[in-house]
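Dear colleague,

Please find below the structure I am handing over to you. My findings follow it, arranged by region.

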Amino acid sequence: MKPVRIAVSALLLSGAIASLSCRAADAAAPAAPAGPGDAGAQLAPVETAKGVFRIGDVLINKAERSITFPAEVNMDKGMLEYLLVHRKGKTHESLLRTSVEPYNLKVAFLLLGFEATDKPLAGQGDPATPSGERVRITLSADTGSRKEVIPVEKWLINRFGGVARDVEPLNWVYSGSVVYQDRFMSQETGSIVSIWHDPVAMIDNASPGGHSNAIWFVKEGTAPAVGTPVQVIITPAK
């Protein structure tokens, strides 16, 4: 599959979206929701407070330029290729899973003016470094004693041979996914945040080692039990 740059010209954002008065107010959403999500994935944003909007379970804060949505721990051990997928996506290799539709996340990124790449990778595992606007990913989770917000890297390790190393803060980039044969591929596949390079995911890992699918693992004993609910928080990288 040869990816193309995400096209956003088929469906103009509604007047409700335009009321955000941000840079993406006159942008357009991906061509159509399709793939792993349920029918009716495409939703209009609703203002719940000044500068705060909701699209389904996706919360958008204009002032903070943040996107928050629910997920749950999908793996507490094993090798990883993804940080986050839709519940009907590649859950056998993802730390987290969510019921939130990728289409609605894409609209949230557009509303807040996040800049996707204009040079998507050629395919999964491409050794080139993915590009796009840098973002930070944190998790709000109840770890037992108290609820805390932690960098997602706390639940990851690298393994090189028999040596395990903690993962330093990663360079996550909003690459935006791609459209192939008029299908928005993040919605089609359920791939949302990739640790191993994947142009289909909306967010990719631009750190060294992102080209390898053999070094990324769950940090056992640190990640909570499978099924533990979390809130995923995406903000611009500082």
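**Findings in the predicted model**

The protein chain contains 3 helices and 20 strands. Please note that the model is predicted. Of its 238 residues, 53% count as buried. The accessible surface of the protein chain amounts to about 10,600 Å², and carbon and sulfur atoms account for 51% of that area. As to how the chain is connected, 66% of the contacts between residues at least 6 apart in sequence join residues at least 24 apart.

In soluble globular proteins, nonpolar side chains tend to be buried together. The largest nonpolar core here has 48 residues, and those touching the most other members are Ile 67, Trp 155 and Trp 172. Helix 2 (residues 102-111) supplies the largest share of this core, with 6 residues. Helix 2 is itself mostly covered, as 10 of its 10 residues are buried. The buried residues of helix 2 include Asn 104 and Lys 106 as well as Leu 105, Val 107 and Phe 109. After helix 2 comes Gly 113, which has a positive phi near 75°.

Which residue meets the backbone nitrogen of Tyr 103 through a polar atom of its side chain? The residue is Gln 187, and the distance is 2.7 Å. Gln 187 belongs to helix 3 (residues 185-189), whereas Tyr 103 is one of the buried residues of helix 2. The relative accessible area of Gln 187 is 1%, under the 20% limit, so this residue counts as buried.

Ser 177 is found in the loop that lies between strand 14 (172-174) and strand 15 (178-180). With a relative accessible area of 4%, Ser 177 is likewise buried. Its side chain reaches the backbone nitrogen of Ser 186 at 3.1 Å.

Strands of a sheet pair through backbone hydrogen bonds, either parallel or antiparallel. Strand 5 (residues 52-55) and strand 6 (residues 58-61) are antiparallel partners, paired over 4 bridges. Within this pairing, Arg 54 has Leu 59 of strand 6 as its bridge partner. The hairpin of strand 5 and strand 6 has 2 residues between the strands, and Gly 56 takes a positive phi near 60° there.

Strand 6 also runs antiparallel to strand 7 (residues 66-73), to which 3 bridges join it. Here Asn 61 stands opposite Ser 66 in strand 7. Strand 6 and strand 7 form a hairpin with 4 residues between them, and Arg 65 in the turn has a positive phi of about 55°.

An open sheet of 3 strands is arranged in the order 13-12-19, with antiparallel pairing. Strand 13 (163-166) and strand 19 (216-218) each have a single partner strand and stand at the edges, so one side of each lacks a neighbour in the sheet. On average, neighbouring strands of this sheet are turned by 40° against each other, direction ignored. Strand 12 (residues 156-160) pairs with strand 13 over 4 bridges in the antiparallel sense. Phe 160 stands opposite Val 163 in strand 13.

With kind regards

Definitions and conventions. Residues numbered from 1 in each chain as written. Predicted model: local features only at pLDDT ≥ 70, side-chain atom pairs only at ≥ 80, totals over all residues. Heavy atoms only, no water. Buried < 20%, exposed > 50% of the residue type's maximum accessible area, 1.4 Å probe, protein only. Contact = heavy atoms within 4.5 Å. Areas by Shrake-Rupley, 256 points an atom, 1.4 Å probe, with all protein chains shown as cover. Pairing = 2+ DSSP bridges. Axes fitted to C-alpha atoms, helices over the stretch in contact; angles between N-to-C directions. Polar contact = N/O pair within 3.5 Å; in protein donor to acceptor, adjacent residues only side chain to side chain. Core = buried A, V, L, I, M, F, W, Y, C linked by side-chain atoms within 4.5 Å.
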